[in-house]
Structure formats: structure tokens, C-alpha cells
Amino acid sequence: MDLHYFSVPTPMEIGSSCRLHGNIKAQSVKIRKDPTLFGSVQASQRVKIGPRTAIHGDVVGQNIRVERGADVLGDVAGKTVWLHEDARVSGVIKATEGLTIGRVEGK
């Protein structure tokens, strides 16, 4: 790992209330609540973006879930995307197998 790229072949979890500078690449990525990430997120499987997360970059994965109050300042691309109605995406959302916008939290 270096300051510009965090890459692991396994699942990665980013803790609450942290601040990261760099791009993330992993099998799957789970981001807890309140962090700020300056970089993109790429997963070969699932990406879960927790409440009140700020991502200054693109998010790419197979299945993407964006929780309440999250803010993605970039594009989101996956097979399926679930977006909480109180989340924001500033770029393009591409969901080749379906986009769901809802209120249910958890999972």
C-alpha cells in the first residue's frame, strides 16, 4: 500500500469517522459511518457505503449500496445499485441490472 492506492485481494472495511487520501481497490468494500475518502472505490464484488460518508471520487462494483446521508462526488457504476432516498450522487449512476431508490436501512 502507498499513499495513493490501497489495494488488497480480500474484503476491506473502512472504519467510522476516518479520513483517507487514496484510491481503494478490493474484493469487496464496506465503509462505516462518517468517513471522508478522497479517491475512488473499486470492488470486484460488493460496495456498501455507510451513513454520512463522503466520497470524492467514483464508485465501481457489482452490487452497490449507498446509505442515508452519504454523498458520492463522482459516478456510481455496478450491476445493481441501491440508493437511499436521502443519499446524493453528483455524477452518473449506471446500473446495468437495476437501480432501486428507497428508505429501508440495514442489510
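**View 1. β11 and β14 side by side.** In this predicted model, β11 and β14 pair in the parallel sense. Four bridges join the two strands. One of the residues to look for is Val66, whose bridge partner in β14 is Leu83.

**View 2. The open sheet.** β11 and β14 belong to an open sheet of six strands. Read across, the order is β2-β5-β8-β11-β14-β17. The pairing is parallel. β2 and β17 (99-102) are the edge strands, and each of them pairs on one side only. On average, neighbouring strands of this sheet are turned by 10° against each other, direction ignored.

**View 3. The largest nonpolar core.** This core has 22 residues. Ile24, Val29, Val41, Ile49 and Val59 touch the most other members. Several strands supply at least two core residues each, among them β2 (12-14), β5 (29-31), β8 (46-49), β11 (63-66) and β14 (80-84).

**View 4. Around Val59.** Val59 is one of the core residues that touch the most other members. Neighbours within four places in sequence are left aside here.

**View 5. Arg65 and Trp82.** The charged end of Arg65 sits over the ring of Trp82. The distance to the ring centre is 3.8 Å. For ring against ring, the count of aromatic pairs comes to zero, taking ring centres within 6.5 Å as a pair.

Technical notes: Residues numbered from 1 in each chain as written. Predicted model: local features only at pLDDT ≥ 70, side-chain atom pairs only at ≥ 80, totals over all residues. Heavy atoms only, no water. Core = buried A, V, L, I, M, F, W, Y, C linked by side-chain atoms within 4.5 Å. Buried < 20%, exposed > 50% of the residue type's maximum accessible area, 1.4 Å probe, protein only. Contact = heavy atoms within 4.5 Å. Pairing = 2+ DSSP bridges. Axes fitted to C-alpha atoms, helices over the stretch in contact; angles between N-to-C directions. Phe/Tyr/Trp six-rings, centres within 6.5 Å; stacked < 30°, edge-to-face > 60°. Lys NZ or Arg CZ within 6 Å of the ring centre and 35° of its normal.
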